[in-house]
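Thank you all for coming. I would like to walk you through a few details of one structure, beginning with a pair of helices and ending with some aromatic rings.

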Amino acid sequence: MAKAKSELVIVESPAKARTIEKYLGGDYRVVASMGHLRDLPTNTLGVDLEHDFTPHYQPVKGREDVIDDLRKSAKNAKNVYLATDPDREGEAISWHLKELLDLPDDKARRVTFNEITKKVVQDSIQHPRAIDQDLVDAQQARRVLDRIVGYKLSPLLWRKIRKGLSAGRVQSVATRMVIDREREIREFVPEEYWYLFATLEADKGSFRAIYHGIGEKKQDLHSEAEVDAVAKAVEGKPFTIQSVKHGKKQRSPSPPFITSTLQQEASRRLGMTPRRTMSIAQQLYEGVDIEGEGTVGLITYMRTDSLRLSEDALAAAGSFIRAHYGEDYYYGKPRRFKTDSNAQDAHEAIRPSLPELTPDRVRKSLTGEQYRLYRLIWGRFTASQMANAVYDNVTVDAVCEGYTFRANHSEIAFPGYTAVYKDDEDDADSDAGKGKKPLPELREGESAALKKLEREQNFTTPPSRYSEATLIRAMEEKGIGRPSTYAPTISTITAREYVVKEGKYLRPTPLGETVNGLMEERFPDIVDVKFTARMEDSLDKVEEGKEDWKHILHDFYDGFESSLENAEEALQGVHLKVPDEVSGEICPNCGRNLVYKSGRFGRFLACPGYPECSFTMPIVVEMPGKCPRCGGRILKRTSKNGHAYYVCENRPLSEKRAAEAGERVCDFWTFDVPVKDDCPVCGKTMFKVSGKGQRKPFCINPDCEKFVPEDKRGYRPRKKADAAKSDAGTGEKPKARRGRPKKEAKS
């Protein structure tokens, strides 16, 4: 008869349970709770405001079977190890499990794993601790605060604006940040500036220099008159090479990732949303079955704001670099990075659990997304312990009539850490080096003849709209939210349609601006960045045991309750209208400008003339490039079944109306994605296969020598019957592959 397992370990997910059970074996049974099993009720406030903010927790509906199974398992176990994630939320889940399963203190043992490797799991299980009540209280304070704000403010928004809206302590501030940036853009006044370039001919060759200033003093050119004055002074005059400076510049690697920087880089490099990034990172943390290694947790815990690295990790990285790249590529000693003073510093930075498990070594065992994200994390960490990159720099100053023109060139002398990972600046230097020829050999004092002057007018541009990545960075800098809240916050404000994503940028909607206006007027503290940052600091103090969580709630609620009462009184009988968001698209039936609307399946364009005119169509997004057939704009649309496709702007929505009006008609459409690059031979827009990851652009012009036929473009293999239907050279995929959009709009 098999011996019953006497030790029970409870984690959140089945994947994590499988990984840990392989490491423990023997007497240990590892089961998953599947997240929270006890929480505040969904249909009521669930917090007793009259009795010291006592939360009324209840079992989560639909999880009764899981709870019963855990109770039976816990009753028969000698010890119960609560091994949920090592953060506030994980601590709270463990506490709820202890309460829900009625576990005595001496039976409930809390363990955490910063990384899920055999060594760490086995060591941690031998050193359990009690549940940290300060961590639990910090989570309770956040949960109750957010519940009060959401359940008290949302009904007001329903009554005064429209149903289905919500307000939140962090989401409202994030929305305001997007709106404030939009205001900056609207109020921005561009300023003129100019560049003046001189092409100079010296004994050993020609080079191009840019106007620097008068003597050593830098001077910007702000008008055409200033450019004319300089050009007039130097035209036809000889230049003298005043100085030739050679130097070396060293660049240090970036620190390993924390949550916010991982989300930013994954967005920029991989096109992943913050939520998707955290989902894939969770899979890498919980464990992946690696060929030849078994199940391994590939990275450390991914919700962290600390740059701290363990001594074991530093030693392992040093050994790996010396063995695989050589002694010259190692920095010579462990690099340690300073963590921000506002960070909680509860966990290490995000790093690979085992540096020797290189991305190439585990690639076959990972999905495409897992591989790309792991390669990013592994590369950033490994690079952080490598030697500096060294660049050879040459700077030349050429002078004429007291005016200085400067040329410079930079080439990499020793790649150092860039052999593994390149930052933005490294990429920029690489690109500059590829397209820029080296300076000729020049001597101080030699003459150079002016061959050509070129001028370029520019205007300052407004600040860019936030992308998901830059909004996370701004939230982190201002102390808004914490690593676990960034991704959910952005998902919420986009789901509520307070902001919309256009390309990779976030833009506020009229609905978001209306809600924010009400919040700024009646609840300034809720949308105040500094107030929200101070609240985060207070929650950190609760976690550190320096402040009582209920005192924080009392301090907040007294002012909030007063503001709520004043708002109800001031807005009595008032209903705020959300203005229509007008698009540039014209209704083909009646000629009105279409407006944005929301429905069960998201946003769409509709005629404002409803019910007289009921025309609707998917939202149109202008893409880079031009139609390869007629040169019109290429527009992105979404079919009824949710597939994105790309059409020429001259493809009519109403063929009848187009024929009557004599409008230009083009039938081009494709599932392939247009890119900003033109074919270097024929000049037509190039396309790439749709899908995630990097795809190589191709030319679809059959008359071009760079034309790539459909069977060479990287489509998924398909049946011969489908291939026979293809129309090579049109940019279209076979209609049978995913189905042509059946109906674009009502007409």
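Let me begin with helix α8, which passes helix α14 in a left-handed crossing, a term used when the near helix is turned anticlockwise from the far one by less than a right angle, right-handed being the clockwise case. The contact, meaning heavy atoms within 4.5 Å, is made by Ser260, Gln263, Gln264 and Ser267 of α8 together with Ala469, Ile472, Arg473 and Glu476 of α14.

Before I go further, please keep in mind that this is a predicted model, in which local features need pLDDT of at least 70 and side-chain atom pairs count only at pLDDT 80 or more, while totals for chains, interfaces and linings use all residues. Residues are numbered from 1 along each chain as its sequence is written, and side-chain values use heavy atoms, with hydrogens and water left out.

Coming back to the helices, α8 covers residues 259-270 and α14 covers residues 468-478, and they pack at an angle of about 160 degrees with their axes 8 Å apart. Helices here are DSSP runs of H or I with at least four residues, and strands are runs of E with at least two, numbered from the N terminus; axes are lines fitted to C-alpha atoms, for helices over the stretch in contact, and angles run from 0 to 180 degrees between N-to-C directions. The two helices are therefore roughly antiparallel to each other, since angles over 145 degrees count as such, those under 35 as roughly parallel, 65 to 115 as roughly perpendicular and the rest as oblique.

Now to the aromatic rings, where Phe, Tyr and Trp (its six-membered ring) pair if their centres lie within 6.5 Å, with planes under 30 degrees apart counted as stacked, over 60 as edge-to-face and the rest as tilted. By this rule there are 21 aromatic pairs. In one of them, the rings of Tyr57 and Trp95 have centres 6.0 Å apart and planes at 80 degrees, so the pair is edge-to-face. Tyr57 lies in the loop between β5 (54-55) and β6 (58-59) and Trp95 in helix α3, so the pair ties together parts that are 38 residues apart in sequence.

Are these two residues buried or exposed? Tyr57 is buried, at a relative accessible area of 18%, and Trp95 is buried as well, at 13%, where buried means under 20%, exposed over 50% and partly exposed in between, with a 1.4 Å probe and protein chains only.
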